[in-house]
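Hi,

Here is the structure I said I would pass on.

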Amino acid sequence: PSPQEVSQSLKIFLLMTALSLAPSALVMMTSFTRILIVLGIMRQALGLQNVPPGQILAGMALFLTMFTMAPVWEKINQDAVQPYMAEEISQQEAWDKGIAPLKAFMLKQTGDSELNLFMEISGNKASANRDDIPLVVVIPSFMASELKTALQMAFLVYLPFLIVDLVVA
């Protein structure tokens, strides 16, 4: 095979890999996890076992995520996707401009304790500028912070129902 054929095959392989990882990115790099956990705990707090079903909760979380992430996705489209499609910027520039709004969103939602923990685990030195933190540190920090925040929110949602149950009992 010629180098062009190998290059084209490699591009197709990378595209298929990216498409297969897209659902994971949606779940782990957006507010989807937080929303789904809070909705699930709310269902438990109301004492409903399967109403609404898990698929309905996931659908609600998906659409609420799309709503909350719309400004970020618009910025990515405007700054990276459209200029790349118009061949105004290179693939690397498109990546850099596209990941910046998502990284800013994640950093805004991530606590300092989680960032410091993952900076320490990764062996990176603490940076005074949060924008200098590598993406491989931001993503797990964001995921841990989202889980922590979701459980705190769920506790606050569940607490009044627990108190009512104790008073009634």
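Let me start with Val 72: setting aside neighbours within four places in sequence, this residue is in contact with Pro 101, Leu 102 and Phe 105. Keep in mind throughout that this is a predicted model.

Val 72 also belongs to the largest nonpolar core, which has 15 residues. Together with Leu 102, Phe 105, Met 106 and Ile 133, Val 72 touches the most other members. Helix 3, helix 4, helix 5 (112-122) and helix 6 (135-168) each give two or more residues to this core, and helix 4 has the largest share, with five. Apart from this core lies another one, of five residues, including Phe 32, Ile 35, Leu 39 and Leu 57.

Two or more lining residues come from each of helix 1 (3-28), helix 3 (54-85) and helix 4 (91-109). Helix 1 supplies the largest share, 10 residues. What classes of residue make up the lining of the largest pocket? There are 19 nonpolar and six polar residues, and no charged ones.

Now for the charged pairs. The structure has three salt bridges.

- Glu 146 pairs with Arg 34, with the closest N and O atoms 2.5 Å apart. This one links distant parts of the chain, as Glu 146 sits in helix 6 and Arg 34 in helix 2 (residues 32-45), 112 residues apart. Buried is under 20% relative accessible area, so Glu 146 at 2% counts as buried, and so does Arg 34 at 17%.
- Lys 148 and Glu 114 meet through their side chains at 3.4 Å, N to O. Lys 148 is in helix 6 and Glu 114 in helix 5, so this pair ties together parts 34 residues apart in sequence. Lys 148 is partly exposed, at 39% relative accessible area, whereas Glu 114 is buried, at 7%.
- Lys 75 and Asp 79 form a salt bridge at 2.7 Å, N to O. Both lie in helix 3, four residues apart, or about one turn of the helix. Lys 75 is partly exposed at 42% relative accessibility, and Asp 79 is partly exposed at 23%.

That's what I have for now.

Cheers

Notes:
Residues are numbered from 1 along each chain as its sequence is written. This is a predicted model: local features need pLDDT of at least 70, side-chain atom pairs count only at pLDDT 80 or more; totals for chains, interfaces and linings use all residues. Side-chain values use heavy atoms; hydrogens and water are left out. Ala, Val, Leu, Ile, Met, Phe, Trp, Tyr, Cys and Pro count as nonpolar, Asp, Glu, Lys and Arg as charged, and the others, Gly among them, as polar. A nonpolar core is a set of buried Ala, Val, Leu, Ile, Met, Phe, Trp, Tyr and Cys residues joined through side-chain atoms within 4.5 Å. Buried means under 20% relative accessible area, exposed over 50%, partly exposed in between (1.4 Å probe, protein chains only). Contact means heavy atoms within 4.5 Å. A salt bridge is a side-chain nitrogen of Lys or Arg within 4 Å of a carboxyl oxygen of Asp or Glu.
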